[in-house]
Amino acid sequence: MDLSALNEQQRAAVRHTEGPLLLLAGAGSGKTRVITSRIAFLLQDRGVPSQAILAVTFTNKAAREMRERVEGIVGRKQAKGMVISTFHALCVRILKEDIEQLGYKKNFSIYGGADQLRLIRDLLQEVNTGLRKFDADRVLWLISDAKNRLIPPDRFAPTHGDEYGPVVATIYPRYQRALKAFNAVDFDDLIMLTVRLLQDKPAVLEKYRQRFRYLMVDEYQDTNAAQYRLLRLLAEGHRNLCVVGDDDQSIYGWRGADLGNILDFEKDFPGTMVIRLEQNYRSTGNILTAANAVIRNNLKRKIKALWTADGPGDKIDYLLCEDDEDEARVVVERIMAERFKARLSYRDFAILFRTNVQSRAFEEQLRYQDVPYVLIGGQQFFDRKEVKDVLAYFRVLLNPRDEVNLLRILNTPKRGIGDTSADRLIRFSAEHDIPLWQVLKNPAEVEGLGDKVMESIATFVDLMQNFRRRFRVGQLSDTGRELLQELRFEDDLLRTAQDPDKARRRMANVAEVINAMASYEQREVQPTLEGFLDKVSLLDRDEPPRQDKDAKLQRDAVVLMSLHSSKGLEFPCVFLVGMEDELLPHKKSKGANSNIEEERRLCYVGITRAQKKLTLLGAARRKKFGVMQLRSPSCFLEEIPDEVLHSAASDAPTATTEEEKDQLANNAFADIKAMLDF
Ligand SMILES: Nc1ncnc2c1ncn2[C@@H]1O[C@H](COP(=O)(O)OP(=O)(O)OP(=O)(O)O)[C@@H](O)[C@H]1O
Ligand SMILES: [Mg+2]
């Protein structure tokens, strides 16, 4: 095979086919390219049968791309039979063959979040009788965390973690038994059960060691304890394990990924050949200088410096925008201008953000300007449960006959109108052909409702009638905010979310609905609740049909995604937005369990996605719950040397106060009027 398209170190990595190999290299240095070339080399030059090759990577998209690249070199026929997949897909493959040895049947189901939660909730009912109520999400999260650490149900210590220790110690074994009774496994089981299978059944282990004789792992820095154990089991016989990663891009610490796995590889596999790649083929000099300068500030890392044979290229722009809407406007305007100027496609542009809520302003602006886009990962903003719940209130306030939404909010947030009561109400409404809302207004005739339930219904009806009035007279966003306060929406989110982070994200999403309302209010001459909901519905209707993440990338559209999902990808033009303190670095990274280094790695991942042009943006003010808050620039900006950075205020008119904004708008309106008069 012709290896001339590779540099010397890359070639060395490709040729070192026997024994452990650690390829530790920075972003864009061709790690993934080495893996694909190595597979082709094994097939073509070493005569290894394709069935003996196993490559594991982080996403389905990466796996597919890897396969295509190999096929491109050796042809489809020769590539057939090799296994290139994610950890989870690999485990499904193994379990489908051998799970019977663990007492499950081969046609097992795989449970995702909603099914898991339902099960946990049922099990919790027995425990949740006393004064203390336990939150199912949190219990599930702790079980998942235990599974990622390979702690089986019978070894979960009640003293583990916080006050939830004892309840998880009770629920976890029951949960696992129930899953087994349903012949089901959950996502974390896929890995944990495969490890158990390989550990407990030597014959099975031997079979896979014989079959997969060459193992390769991309994005190795993000493997967790269970995944690492799996790799070691598979590789320990022949030790033909090649792992490829970048400790500077380890960004899944919060999900149990263990940076120690990469830092200790040489210890775990004595005699490891270590190869470093330092030439970057992706980005221009200035982008690389910035990336190097930022990551240099992390203490816990293996020192490496990237260089490029490419010229310095454009400077990195940093734009300080007036607020989040200004930020979105500037980005979209730049995309439109740059696309023509540089003859690029929409898909050459990526907008990367730290938190998913940031996407809303960009989505709105892109739609407004008719620019096609795809939002990768995360649900579309208005599809998120908590957002739908809030909108459901607004919809029912507007139209009490909207029974789908009425049922959605009847017991959300929980107010003691359980499923049985809801069933009774629905049945009565159907039998007597009375709209559900009318039944709620007069529930006395419905049989079997307890006093407490009746009371809850009355309170709910009062609240709704009260707010219907208030929305007619009051300011939209203020009234919306008051409604959420009255409902104790925040308390409910805190109570029901899996972990504090999730709760915070949901709260931010809810706040974002109110923000959207506030900006609608500012734009509209006669803002009404109905007008707002219409706007939102129109957005919904234009939503691209749900497709899987990979199909989405193929269309010609601007790509919006979180920094986390951008790993391994590259784009000619990258906008890294929200370069603000408390956003990047995220505020949760401060304080007690500070993890500023993981935030810096995220920033590094973002910077190194850019090939030609990197633009950093931040806002001086950002709306939270419709109220403007002052923001300060990200500390990472200071780490980028001045010679590669070009800072400017955004070119949009800078109105500071709402009054000034009104003034500007009036001026513009006066101009148009003058034109028309003329
Ligand atoms: N020797 C080479 N000559 C020319 N181009 C190369 C070479 N090696 C890699 N490239 C190109 O550089 C870019 C980055 O390569 P690749 O995606 O393999 O890097 P990586 O190290 O996996 O990056 P990341 O850390 O972001 O996953 C790709 O476009 C790849 O085709
Ligand atoms: Mg890669």
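In which loop is Glu582 found? Glu582 sits in the loop between β13 and α27. This is a predicted model, where local features need pLDDT of at least 70, side-chain atom pairs count only at pLDDT 80 or more, and totals for chains, interfaces and linings use all residues. Residues are numbered from 1 along each chain as its sequence is written, while chains are lettered from A and ligands numbered from 1 in the order in which they are written.

Start with the whole chain. The protein chain has 29 helices and 17 strands. Helices (H or I, at least four residues) and strands (E, at least two) are DSSP runs, numbered from the N terminus. Of the 678 residues in the protein chain, 42% are buried. Buried means that 20 or more other C-beta atoms lie within 10 Å of the residue's own; exposed means 12 or fewer, and partly exposed lies in between, with C-beta atoms placed from the backbone. Take the contacts in the protein chain between residues at least 6 apart in sequence: 77% join residues at least 24 apart. A contact here is a pair of residues whose C-beta atoms, placed from the backbone, lie within 7 Å.

Now turn to ligand 1. It has 19 residues around it, and Gly30, Lys31, Thr32, Arg33 and Tyr281 come nearest. A residue belongs here if its C-beta atom, placed from the backbone, lies within 6 Å of the molecule. Helix α2 (residues 31-44) gives the most to this shell, with three residues. Domain 1 (8-99 + 190-277) and domain 3 (307-372 + 556-649) each supply at least three residues to the shell. Those domain bounds come from an automatic or database domain assignment. By class, the shell has five nonpolar, nine polar and five charged residues. Ala, Val, Leu, Ile, Met, Phe, Trp, Tyr, Cys and Pro count as nonpolar; Asp, Glu, Lys and Arg as charged; the others, Gly among them, as polar.

Next, the backbone. Most residues other than glycine have a negative phi, and most peptide bonds are trans. Return to the loop between β13 (571-576) and α27 (596-607), which also holds Pro585. The peptide bond from Leu584 to Pro585 is cis, with omega near 5°. Glu582 has a positive phi, near 80°. Glu582 counts as partly exposed, with 17 C-beta neighbours inside 10 Å.

Elsewhere, a cis peptide bond joins Thr412 and Pro413, with omega about -10°. Pro413 lies in the loop between α18 (403-410) and α19 (419-432). Asp433 is found in the loop between α19 and α20 (436-441). Asp433 is not a glycine, yet its phi is positive, about 55°. Asp433 is exposed, with 6 other C-beta atoms within 10 Å.

Technical notes
Contact = placed C-beta atoms within 7 Å.
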